[in-house]
Amino acid sequence: MPQWVFNIATLLELTLTGSELKGSIPAVAEGVLCKLQKIDLSFNNLTGNIRELAVGLSGCNNSSLEELDLSANKFNGPLPDSLGLHRYLRVLRLSDNSLWGPIPSSLGNLSRLVELNLSFNKMNGTIPESIGQLSKLTTLGLYSNSWEGLVTENHLRNLKQLENLDLSSYRASSLKFRFTHGWVPVFNLSSIKIKNCQLGPEFPKWLKNQKKLSSMTLSGAAISDTMPDWLWEMSQQLWTVDLSENQIVGKLPRFLDFGSQAIVNLASNRLEGSFPLWSNVNQLSLKNNLLSGPVPANVDRRMSALKYLDVSSNSLIGDLPSSVSRLKNLVYLDLSSNALSGDIYAGWTVMPKLKILDLSKNNFSGHIPCQMCSLLPSLEWLKLSTNSISGELPSCSLNCTRLYTLDLGKNRLHGIIPQWTEESLNSLSELILRSNSFSGRIPEQLCNSLNLHVLDLANNDLFGSIPRCLGNMAGMKSSEPYYELPPEFRSFYSGSIELNMKGRSMEYNELIPLVNMIDLSINNLSGEIPPEISNLSTLKALILSNNQLTGSIPSNISGLKQLETLDLSFNRLSGQIPPSMSSMTFLNSLNLSYNNLDGEIPTGNQFPTFNPSSFEGNPGLCGLPLSQGCSTPTGQDVQDHEGEDKGNEEGDHGEVWFYVSIALGFLVGFWSVCGTLVIKKSWRQAYFRFNDKMKDKLYLVVQLNTARLRRKLENRT
């Protein structure tokens with residue numbers, strides 16, 4: 001940020017938004033920028049504290065500043081009290097920074113303020129009641145901070161022109177609303193957005209009087225009341241309704257008309273009724289409720305605008321009607337965790353825009369059709385796990401060139417694992433075929449995948465050896481996420497996948513792109529563990545249990561520096577546990593039980609802290625954490641032999657150390673003097689000057705004594 005900009009005394013407006021600026025704002029001299037009316041430095045990478053800027057601008061007796069926009073930067077520190085001195089300020093935008101501390105009560109002095117936005121910071125403390133003095137305020141943004149305490153009528157008493165209210169706290173229910181019964185606000189909101197605050201338990205009745213309301217978000221607001229009828233009566237004027245993460249009860253109306261392209265999120269409540277047919281809805285989430293009945297056959301006619309549909313975790317029954325595939329704008333469809341049944345793709349037509357399809361945890365049957373990829377040409381995420389899908393998996397069904405995640409686990413598929421085309425294989429990031437009846441060998445073609453970082457083929461009938469080329473899988477050598485859900489999906493879908501990690505089934509959501517794992521357990525694999533597998537430097541989990549593997553644990557397995565889970569149990573491995581495994585400091589789940597391992601268990605780092613069950617079933621193992629210690633030679637002969645050796649060793653050692661001490665003494669004495677003179681020039685010069693002086697003095701003493709001796713001899717003669 002150039003200093004000279006802040007030295008222009010005649011400057012009226014400074015707008016450098018999105019200019020890739022970085023560093024801190026230079027110090028502003030007091031009284032220089034008194035004519036400045038607008039500062040817009042938003043969407044840069046500016047850092048530091050804004051205190052000096054605020055103090056410099058407030059040094060004018062008659063400040064003209066009307067708009068200050070520093071949003072979307074990296075500013076930190078508390079808000080200075082001096083901001084309250086700008087009496088002409090109308091717009092104050094400081095959102096999307098790292099500001100912390102409370103709101104200064106002095107902001108209540110900004111009587112002309114129309115917009116105050118402090119959202120998406122790290123601010124904390126209570127919200128001052130002085131905010132309620134801002135009678136001209138239309139927008140109040142306090143979203144995504146760490147507020148605490150109470151919000152009462154005093155905070156909103158004089159906000160007569162308020163139209164937009166955004167307020168949320170990172171800490172759930174740390175901020176509570178307390179209004180008197182029958183309170184009627186002086187404002188008329190068009191948008192309210194409150195999240196993770198305690199607004200309930202009753203549904204706020206004062207919202208009934210907000211006749212201009214078009215957007216309502218009361219998510220995680222601790223409301224456990226019945227859905228009011230007046231809310232449904234407002235549906236035509238609402239384009240956003242988010243009442244998710246509450247305990248709201250009631251029955252959903254079957255038919256409603258919402259505003260154009262409406263977003264409706266009623267997820268995670270206790271709402272009942274059948275699948276609703278609400279027109280003009282663009283995004284609909286009713287997941288985790290108590291809905292029942294079938295999916296309507298005319299859903300395509302009544303809800304043609306649907307782009308995102310999530311009715312997962314309910315009690316829907318019946319077949320999946322082909323009318324769902326006629327929702328041509330549908331991008332996202334999640335009907336998982338219901339009781340739907342029938343042929344999974346019966347009568348489907350082409351869905352050109354569908355990217356995410358999750359039908360897992362139902363009772364679907366039938367086969368996966370060969371034309372699946374042509375029916376769903378944009379498919380990126382396919383999750384059909386935990387159903388009753390049967391038959392072979394045809395290779396022609398795997399030609400989806402955009403498919404990143406394929407989860408067909410826990411079905412009744414059989415036959416060999418088919419071949420992929422090179423293009424479809426390179427896009428694949430997660431492949432989960434566990435708990436089926438696949439047979440044959442692990443296809444070596446998987447080794448050529450560029451992005452595969454989750455390979456789960458557990459609990460099948462695979463045989464043969466583990467391909468050595470698995471050590472070439474590029475996706476297991478990088479920690480970079482290869483695929484992330486597009487931002488527009490994240491408010492609806494977490495992209496959850498169940499993986500068997502650390503000895504139990506775990507559900508991964510946002511972290512799945514960072515998980516690198518191979519699970520080949522519960523098969524009939526034989527042969528040795530290929531040492532090439534240690535090339536997978538970012539592998540987090542390696543699970544090869546319940547097979548017929550032989551040989552020893554590869555000595556270079558310690559090359560898996562980031563490995564957290566290693567399960568080699570119930571095999572036929574033999575030999576010792578490589579001592580180098582103690583250097584695998586990320587390892588926190590280890591199971592080597594029921595093999596033929598022997599020798600001492602490594603003692604370094606976390607190994608003694610593992611549960612003894614990690615090593616049981618190996619009679620030859622000894623040492624901690626097992627109770628069986630490793631045996632040592634005992635007996636009188638051994639003691640006598642050790643005594644003789646000890647005496648000889650002491651004599652030999654004494655003689656060796658005598659010469660070693662002489663050598664060390666010479667080296668230390670020599671280099672402590674000469675080494676210093678070599679390195680330090682000034683000391684070297686002083687040393688030789690000293691030698692010259694001493695030599696001259698010695699020469700003089702010798703000459704004087706010689707002359708005196710001659711004189712004495714001459715006197716005697």
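**Disulfides and a pocket**

Author: Let's start with Cys-447 and Cys-469, which form a disulfide (a pair of cysteine sulfur atoms within 2.5 Å) with their sulfur atoms 2.1 Å apart. Bear in mind that this is a predicted model, where local features need pLDDT of at least 70, side-chain atom pairs count only at pLDDT 80 or more, and totals for chains, interfaces and linings use all residues. Residues are numbered from 1 along each chain as its sequence is written, and side-chain values use heavy atoms, with hydrogens and water left out.

Reader: Is the disulfide of Cys-447 and Cys-469 left-handed or right-handed?

Author: Look at the torsion about the S-S bond of Cys-447 and Cys-469. That torsion is about 60°, so the disulfide is right-handed.

Reader: How many residues apart in sequence are the parts that Cys-447 and Cys-469 tie together?

Author: Cys-447 lies in the loop between β34 (437–440) and β35 (454–456); strands (E, at least two residues) and helices (H or I, at least four) are DSSP runs, numbered from the N terminus. Cys-469 sits in the loop between β36 (461–465) and α7 (487–490), so the pair ties together parts that are 22 residues apart.

Reader: And is the disulfide of Cys-373 and Cys-400 left-handed or right-handed?

Author: The S to S distance between Cys-373 and Cys-400 is 1.9 Å. The torsion about their S-S bond is about -95°, so this disulfide is left-handed.

Reader: Where in the chain are Cys-373 and Cys-400, and how many residues apart?

Author: This pair links distant parts of the chain. Cys-373 is in helix α5 (residues 372–375), while Cys-400 is in the loop between β30 (390–392) and β31 (405–407); the two are 27 residues apart.

Reader: Which residues lie nearest the centre of the second largest pocket?

Author: A pocket is an open set of points on a 1 Å grid over the protein atoms alone, where a 1.4 Å probe fits, with protein on both sides within 12 Å along at least five of seven lines; lining residues have an atom within 4 Å of a point. The second largest pocket is lined by 17 residues. Those nearest its centre are Phe-179, Thr-180, Glu-202, Pro-204 and Trp-206.
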